[in-house]
Amino acid sequence: MSDPNKPVPFINSIDMDMKREYMTADQRFASQRPDVLTYETDILDNDVTIAGNIWANLKVSTTGTDADWVVKVIDVYPDSTKNTKWAGKDVYLSGYQQMIRSEAMRGKFRNGFDKPESFVPGKVTPVNFELQDVLHTFKKGHRMMVQVQSTWFPLIDRNTQQFQDIMKAKDTDFKKATHKVYTSKANPSYLKVRVVE
């Protein structure tokens with residue numbers, strides 16, 4: 001259930017400004033929320049380096065007529081990781097979920113920013129978009145994680161989850177909706193990355 005009146009925050013603290021720490025902030029707070037989908041690999045038995053473009057290929061549906069889709073790629077540190085002198089204040093590296101890359105797509109612009117399209121409630125629909133380039137090594141003993149969510153406030157404005165001009169929305173236009181991400185053989189959702197051998 002996605003509730004635009006209780007959005008997923010971009011950082012796990014209250015702040016009156018755009019803290020740059022959000023780019024490396026521990027994402028454990030998000031993975032514990034019921035409105036954030038979390039996919040995680042087993043513990044890596046060797047280093048894995050990814051480089052270049054990351055493409056999110058989602059198969060989704062919603063009970064509304066619009067939805068945002070946020071994809072975050074995360075490096076999960078082992079629980080045995082000890083803090084170092086370089087760790088930031090209030091950073092705990094044991095189990096740390098380091099965001100490597102992230103991107104948001106407003107669903108109505110999935111087929112182009114020049115032609116917004118509504119979702120048909122309940123219909124499986126592809127939403128494909130590119131995350132920023134990356135060069136990152138997931139170390140042996142770490143895990144790879146992907147988080148998918150539909151709000152990321154205030155990095156992106158709240159979506160009414162209805163096909164409308166959000167800039168003209170009233171408070172009463174913001175509605176709860178149920179979003180689904182499909183992972184079946186018929187409707188697979190996946191990330192496409194380049195692995196450096």
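Biologist: What makes β2 and β9 (residues 195-196) count as paired?

Modeller: In this predicted model, β2 and β9 are joined in the antiparallel sense by 2 bridges. Pairing requires at least two bridges, so the count meets the cut-off.

Biologist: Which sense of pairing, parallel or antiparallel, links β2 with β5 (residues 125-138), and over how many bridges?

Modeller: Antiparallel, over 12 bridges. The requirement is at least two, so β2 and β5 count as paired. W55 stands opposite E130 there. W55 also has a bridge partner in β8, K192.

Biologist: How do you know that β8 (residues 190-192) and β7 (residues 179-181) pair with β2?

Modeller: β8 has 3 antiparallel bridges with β2, and β7 has 3 as well. At least two are needed, so both pairs qualify. In β7, H179 is the partner of T62.

Biologist: Why is β2 (residues 48-62) called largely enclosed?

Modeller: Because 11 of its 15 residues are buried, and buried means under 20% relative accessible area.

Biologist: Which classes of residue make up the lining of the second largest pocket?

Modeller: The lining has 14 nonpolar residues, 3 polar and 1 charged. This pocket has a volume of about 320 Å³, and of its 18 lining residues, Y39, V146, S189, Y190 and L191 are the closest to its centre.

Biologist: Which strand supplies the largest share of that lining?

Modeller: β6 (143-149) does, with 4 residues. β2 is among the strands that each supply at least two.

Technical notes. Residues are numbered from 1 along each chain as its sequence is written. This is a predicted model: local features need pLDDT of at least 70, side-chain atom pairs count only at pLDDT 80 or more; totals for chains, interfaces and linings use all residues. Side-chain values use heavy atoms; hydrogens and water are left out. Buried means under 20% relative accessible area, exposed over 50%, partly exposed in between (1.4 Å probe, protein chains only). On a 1 Å grid over the protein atoms alone, a cavity is a set of points where a 1.4 Å probe fits but cannot get out, and a pocket is an open set with protein on both sides within 12 Å along at least five of seven lines; lining residues have an atom within 4 Å of a point. Grid points are joined across faces, edges and corners, and a volume is the space filled by probe spheres set on the points. Ala, Val, Leu, Ile, Met, Phe, Trp, Tyr, Cys and Pro count as nonpolar, Asp, Glu, Lys and Arg as charged, and the others, Gly among them, as polar.
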